[in-house]
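These are my notebook entries on a single protein model. I set down what I looked up, in the order in which I looked it up.

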Amino acid sequence: MVPPQRAVWILPGELHKVSANKGFWLKTLYAEPGAAPIPGKCCVVSVEHLLDTLLIEASTFGSNYPIEGAEQRLVQVLLDRLATLETTPTYLPMPLDSRLMKLTGLMEQNPADARTLTELASASGMTARTAARLFVKETGLTFGQWRQQLRLLKAMQSLGLGISVTTVAGDVGYEDVSAFIAVFKQAFGDTPAHYFRSIQA
C-alpha cells in the first residue's frame with residue numbers, strides 16, 4: 001500500500017505490477033546498484049518534501065543529462081537524500097505455499113472474518129500448527145500480526161477513498177471504533193483523520 005508522500009523500493013529483477021483504485025501521479029527513480037545506500041529488500045518509505053521536489057525537478061530533464069553540470073549536482077543531492085528515508089509499515093508480505101495462499105485469500109476477501117487460525121487452517125487443508133509455522137517462515141509475521149496488517153491496509157485503502165472511519169472499522173472487523181483508531185494510531189503514528197489530513201496538507 002503506497003499512500004501519498006510514500007514510495008516503494010523495488011530491487012533489480014523483482015517481478016512487480018502496479019494497480020490503483022483512483023488516478024494518481026507516479027514519479028519513478030531508476031538508480032544504478034551502488035549509486036545510493038538503498039535497502040536490501042523491497043519496502044515502503046516516506047518521501048520528505050525536499051526529496052519530492054527534487055524528483056519533480058529531475059523528471060524534467062530525464063536520464064540523458066550532462067555528466068557534469070547543474071543536473072548532475074541535483075541528482076547527487078537526490079541520491080544523498082535517499083539515505084535519510086524511513087520505512088513505513090504499509091507492506092504486507094505474501095506467502096508462496098498454496099495452502100497458505102488459500103488461507104490468506106479467505107482473509108483478503110473478508111478482512112472482518114473472525115474465524116480462528118484453527119478454523120481457517122482447516123478450511124485451507126492443513127493444521128493450525130502447520131499454518132502458524134508457515135506464516136512465520138514465509139512472511140516473517142505471526143498469523144495475528146499478518147491479519148492485523150491486512151486489516152490496517154484494507155482500512156487505509158478505504159479511508160483513502162473517503163469512506164468514514166466508523167464504516168471502515170466495521171468492514172475490517174472492529175466492532176469498537178475506538179479500538180480501531182487506537183490500533184491505527186499505534187501502527188501509523190496518528191489517528192486516521194489526522195493521518196489523511198496531514199497527507200492532504
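Which residues have the most contacts inside the largest nonpolar core? I was working with a predicted model. I found that this core has 29 residues, and that Leu103, Met107, Phe135, Phe180 and Phe184 have the most contacts inside it. I then listed the elements that give two or more residues to this core: helices H3 (98–109), H4 (117–123), H5 (128–139), H6 (143–160), H7 (165–171), H8 (177–188) and H9 (192–200). H6 supplies the largest share, eight residues.

Next I looked up Phe184. Beyond its neighbours within four places in sequence, Phe184 is in contact with Leu152, Met156, Leu159, Gly189, Asp190, Thr191, Pro192, Tyr195 and Phe196. I also noted a second, separate core of 15 residues, with Val47, Ala58, Leu74 and Leu82 among them.

I turned to Gly160, which lies in helix H6. The C-alpha atoms of Gly160 and Glu119 are separated by 32 Å, with the two residues 41 apart along the chain.

Last, I recorded the whole protein. I counted nine helices and two strands, in the order β-β-α-α-α-α-α-α-α-α-α from the N terminus. The C-alpha trace spans about 65 × 35 × 25 Å along its principal axes. Of the 201 residues, 33% are buried. The accessible surface comes to about 12,400 Å², with 54% belonging to carbon and sulfur atoms.

Key. Residues are numbered from 1 along each chain as its sequence is written. This is a predicted model: local features need pLDDT of at least 70, side-chain atom pairs count only at pLDDT 80 or more; totals for chains, interfaces and linings use all residues. Side-chain values use heavy atoms; hydrogens and water are left out. A nonpolar core is a set of buried Ala, Val, Leu, Ile, Met, Phe, Trp, Tyr and Cys residues joined through side-chain atoms within 4.5 Å. Buried means under 20% relative accessible area, exposed over 50%, partly exposed in between (1.4 Å probe, protein chains only). Helices (H or I, at least four residues) and strands (E, at least two) are DSSP runs, numbered from the N terminus. Contact means heavy atoms within 4.5 Å. Accessible areas come from the Shrake-Rupley method with a 1.4 Å probe; for residues, only the protein chains shown count as cover.
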